Amino acid sequence: MSYSLKLSPPVSPSARMRGVHPQPQVTYRSARVSRLSDAVQSGRTGEVVRFWEEVRKAGGYLFEPLGDTDQEAGRPPDDLLATFFWKATYETHNVLFSWFGSARPEDYYMSNLPGTDVWYKTLRVYRDSRFSYTLSPNDRPEDRALTSQPDPANPVSAYGGSVSVFATPKAPVEWTREVPTKRGLVQERRFESTLLAGAYPAWIYTPPDYAPNGGPYPLVVLFDGEGYVANFDDRRRLIPTMFDNLIERGRMRPAIVCFLGGFRGTRNGLAPLNEVSTDAVATELLPWLMSMYAISTNPRDVVIGGYSAGGTKASLIALKYPALFGNVLSQSGAFRGPVNTYEPNLVARLFVRAERAPVRFYLDVGLYDPGGSVRADDESNTAGNRHFRDVLQAKGYDVIYRETGGAHEFVHWSATLAEALVALLGQSR
C-alpha cells in the first residue's frame with residue numbers, strides 16, 4: 001500500500017483578504033486625523049512620521065473634546081472622543097477594533113487614511129472609561145484568533161499581555177501599579193465543607209503587621225477568588241497589592257480578606273437559590289475563618305461580595321444572614337439573570353418580598369456591560385443593576401451605587417474594587 005502527500009504553500013491572512021474590503025462605519029470624526037489628511041493631500045507626507053511619534057508618546061490613542069454641536073440627550077457634556085490607530089507595516093486590507101463593548105463587531109472596523117499607513121477608529125467614550133481592547137488586522141471571523149493582538153503602540157496591557165488597556169484621565173485609580181512599603185501575606189488554604197461535600201481553595205490575605213492577638217480585624221469574603229488573586233495578571237499580586245496600598249495610604253482599615261475559589265463549578269454554588277451553598281458560607285466558612293484569624297464579630301465590619309454571579313449570590317447570603325454579613329460588595333452583579341438558570345430580576349423580586357435587613361450595599365456596574373448572557377428579549381446587565389438599586393432604595397436600604405465606563409471584565413473590576421473598599425471599610429467607618 002502506498003500513499004502520496006501533497007503540501008500546499010500556506011496562504012497568509014493578508015492574501016486571503018485580497019478583494020475583501022468591509023465598509024467601515026464612521027460615526028465620529030477626529031479633528032486630528034482630518035488635519036493629517038489635509039497635510040497629506042497638500043503633499044506634506046513628512047507629517048505622517050511626526051504623527052506616529054505623537055501617537056507613540058500618547059500611548060497608542062489620542063483624546064479630543066466633543067464639539068458643542070455633538071451633544072446627545074442624556075450624555076454628560078464632558079464625554080471624550082478617543083481615536084485608536086494601527087500602523088500598517090505589511091499588506092493590510094482591514095483592521096478590526098475589538099472590545100467588550102462591541103455587541104456588533106462589524107461596526108468597529110477601522111478606516112484607512114488614503115496614501116498612508118494610518119488606520120484609525122474614533123469612538124465616543126465616557127469620561128471615566130477603562131476597558132481592554134485588541135486590534136485584528138486582515139480580520140475575518142474564522143481567522144480572528146490568529147490575527148487579534150494587543151496594540152503595538154500601547155505599553156499598558158493585561159491578562160498576561162494578551163490585551164491592551166485603555167483608560168481616560170478620569171478613570172478609577174487602580175492602586176495596583178505602585179509598590180507598597182510593606183506587604184501583606186497571602187496564604188492558600190483548603191476550605192472543607194460538610195454541607196457541600198467538597199473542598200475549595202481559599203486565598204487568605206492578612207494585612208501588613210497583622211497581629212494574631214490584635215484586632216479584631218474587618219473581614220472581606222470575595223467569591224471567584226481565582227480571578228481576584230491570579231487570573232487578571234501574571235504577577236499574582238495585583239489585588240493584594242491594591243489592599244497593601246490602600247492600607248498604607250490610610251484609605252481603608254487593615255482587613256482580613258478571603259478569596260474563595262472553586263465555588264462556581266460545584267453543584268452550581270453561586271446560583272442564587274442554592275440554599276445549601278448559602279448555608280455553607282454562613283455556618284461553615286465564616287466560623288472556619290474566625291477560628292484562625294482575629295476577625296470582628298460586628299456584622300458592619302464584615303463584607304461579602306464578588307463579581308457577576310458572585311455579586312448576586314452575596315446579596316442573597318446577606319439577606320438571609322444579616323446578623324453575620326452587614327455589607328454587600330457587588331461588581332457587575334448578574335441581577336438580570338442568565339438564561340436557563342433563573343428568571344430575570346429574581347433577586348430583586350426576593351428583596352421586594354422580604355423584610356428589610358440591616359445591610360449596606362455597594363453596587364458597581366460598567367456602562368459598557370451589555371450582559372451577553374441575558375435573554376435576547378431582556379435589557380442589559382447595566383439596566384438590571386439599576387433596577388436592583390431602585391428596589392433596594394425603595395425598601396430603605398443604605399445603597400452606594402456607581403456606574404463607570406467599564407465592561408464585564410477585570411480591567412474594570414480591579415479598579416472599582418478599591419473604591420468599594422474605601423466606601424465600606426474606610427477609616428471613617
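## Helix 11

Let's begin with helix 11, which covers residues 410-425: its 16 residues reach 21 Å from first C-alpha to last, close to the 22 Å expected at 1.5 Å a residue. Helices here are DSSP runs of H or I with at least four residues, strands are E runs of at least two, and both are numbered from the N terminus. The expected span is 1.5 Å times one less than the number of residues.

Helix 11 has a kink of about 25°, centred on Thr416; the bend at a residue is the angle between axes fitted to the seven residues ending there and the seven starting there. Buried means under 20% relative accessible area, exposed over 50%, and partly exposed in between, with a 1.4 Å probe and protein chains only.

## About the model

This is a predicted model, in which local features need pLDDT of at least 70 and side-chain atom pairs count only at pLDDT 80 or more, while totals for chains, interfaces and linings use all residues. Residues are numbered from 1 along each chain as its sequence is written, and side-chain values use heavy atoms, leaving out hydrogens and water.

## The sheet and its helices

Eight strands make an open sheet with mixed pairing, in the order 9-10-12-11-13-14-15-16. At the edges, strand 9 (185-193) and strand 16 (398-404) each pair on one side only; two strands pair if DSSP finds at least two bridges between them. Strand 15 (residues 360-366) runs parallel to strand 16, joined to it by seven bridges. Within strand 16, Glu403 stands opposite Val365.

Now helix 11 returns: it lies across strands 11, 13, 14, 15 and 16, running at about 160° to strand 15. Contact means heavy atoms within 4.5 Å. Axes are lines fitted to C-alpha atoms, for helices over the stretch in contact, and angles run from 0 to 180 degrees between N-to-C directions.

## Aromatic pairs

The count comes to 37 aromatic pairs. Rings of Phe, Tyr and Trp (its six-membered ring) pair if their centres lie within 6.5 Å; planes under 30 degrees apart count as stacked, over 60 as edge-to-face and the rest as tilted. Tyr228 and Phe410 form an edge-to-face pair, 5.5 Å centre to centre with 90° between the planes. Tyr228 lies in helix 5 (residues 225-231) and Phe410 in helix 11, so their pair ties together parts 182 residues apart in sequence. Both Tyr228 and Phe410 are buried.
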